[in-house]
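Me: I'm new to reading protein structures. Could you take one part of this one and walk me through it slowly?

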Amino acid sequence: MILVFKHFFYKNYVGLSLWPFIILKEDSLMADEVLINHERIHLKQQRELLILPFYLWYVSEWLLRTLLYLDSYRAYQNISFEREAYANEKDMEYLTKRRTFGFLKYLTR
């Protein structure tokens, strides 16, 4: 289910997946297939980690990488879940061929 909340986002962020919803900044973004695919990849990640552990891992990895890089945006870009989603967001067939726990190969890249 896709929802739109215009005042929910920080700076340049335009989409967010909070199981089972995709939340967008603007109505027009519903037509952005790449963004929607990116967020669907996150929904798949959340489901396979049973939702709450996904969020704990996501925040933990972001905190660790923020300390490592001393840059919160660079840390965000290097979270394994984000790496997987960005690397495959343009492949509209990715979710049909994705292996379980596919984000793991992005942990050390």
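This is a predicted model: local features need pLDDT of at least 70, side-chain atom pairs count only at pLDDT 80 or more; totals for chains, interfaces and linings use all residues.

Reply: Let's look at where α2 meets α4: their axes come within 9 Å and cross at roughly 100 degrees. On the α2 side, the contact is made by F54, W57, Y58, E61, R65 and Y69. From α4 come S80, F81, E82 and R83. Sort the residues of this contact by type and you get 5 nonpolar, 1 polar and 4 charged.

Both of these helices also turn up around α1. That helix runs over residues 33–48, so to speak a stretch of 16 residues, and reaches 23 Å from its first C-alpha to its last, close to the 22 Å expected. Its buried residues include L35, I36, I41 and L43, but also N37, H38 and E39. What covers the buried residues of α1 includes α2 and α4, along with α5 and the strands β1, β2 and β3.

Now check the two ends of α1. At its start, a side-chain oxygen of D32 reaches to within 3.2 Å of the backbone nitrogen of V34. L50 has a positive phi of about 65 degrees although it is not a glycine. With a relative accessibility of 68%, L50 counts as exposed, because the cut-off is over 50%.

How values were computed. Residues are numbered from 1 along each chain as its sequence is written. Side-chain values use heavy atoms; hydrogens and water are left out. Helices (H or I, at least four residues) and strands (E, at least two) are DSSP runs, numbered from the N terminus. The expected span of a helix is 1.5 Å times one less than its number of residues. Buried means under 20% relative accessible area, exposed over 50%, partly exposed in between (1.4 Å probe, protein chains only). Contact means heavy atoms within 4.5 Å. A polar contact is a pair of N or O atoms within 3.5 Å; within protein, one must be able to donate a hydrogen and the other to accept it, and residues adjacent in sequence count only if both atoms are side-chain atoms. Axes are lines fitted to C-alpha atoms, for helices over the stretch in contact, and angles run from 0 to 180 degrees between N-to-C directions. Ala, Val, Leu, Ile, Met, Phe, Trp, Tyr, Cys and Pro count as nonpolar, Asp, Glu, Lys and Arg as charged, and the others, Gly among them, as polar.
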